Amino acid sequence: MTFSTHIAPVAVGPGAFLTLHYRLAGPAGDVINTFAGKPATLSLGTGQLAPAMERCLLGLTEGAHAHFELAAGEAFGERNAGMQQWVARKLLDAMGEPGACHSVGDVLHFPTPDGQGSYAGVVLQLRDDGAVLFDFNHPLAGRPVTFEVQLIGVL
């Protein structure tokens, strides 16, 4: 008697733990791309990926390689003008290197209020008094996003 032991590939479901390569790109090109380096490891439902991207992954199986086109604002929401804020030189000095020079386009990282993480702001404008206008929107907010993924493992 012969037995077949065919095991179906594991599919991504809510709460799945994944090892994958992924690429996020907007109209100006890649923002994140792990294909040339170490794969990412993450768990669905923990906020590591935007909900729209998590929905794209549901049902994919180990070994899958897929591309998704997300409409403007779908992945990271719309751009929010309230996320552009002036930060005084005094506060910048207290949070980083006192007297540091910044240029338009620089990305600075700020600690979260709980001190457990950080968030980034892009320098938009500089004032003579040293204050800096930052854009704290996600770089892909309000833009169409290409999401490419290659699933290596699913638990």
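Modeller: Strand E6 (107-111) contributes most to the lining of the second largest pocket, giving four residues. Helix H2 (89-95) also supplies at least two. Strands (E, at least two residues) and helices (H or I, at least four) are DSSP runs, numbered from the N terminus. Please keep in mind that this is a predicted model, where local features need pLDDT of at least 70 and side-chain atom pairs count only at pLDDT 80 or more, while totals for chains, interfaces and linings use all residues. Residues are numbered from 1 along each chain as its sequence is written, and side-chain values use heavy atoms, with hydrogens and water left out.

The lining residues are Arg-89, Leu-92, Met-95, Gly-96, Glu-97, Ala-100, His-102, Leu-108, His-109, Phe-110 and Pro-111. A pocket here is an open set of points on a 1 Å grid over the protein atoms alone, where a 1.4 Å probe fits, with protein on both sides within 12 Å along at least five of seven lines; lining residues have an atom within 4 Å of a point. By class, this lining has six nonpolar, three polar and two charged residues. Ala, Val, Leu, Ile, Met, Phe, Trp, Tyr, Cys and Pro count as nonpolar, Asp, Glu, Lys and Arg as charged, and the others, Gly among them, as polar.

The volume of this second largest pocket is about 170 Å³, that is, the space filled by probe spheres set on grid points joined across faces, edges and corners. For context, the largest pocket holds about 260 Å³.
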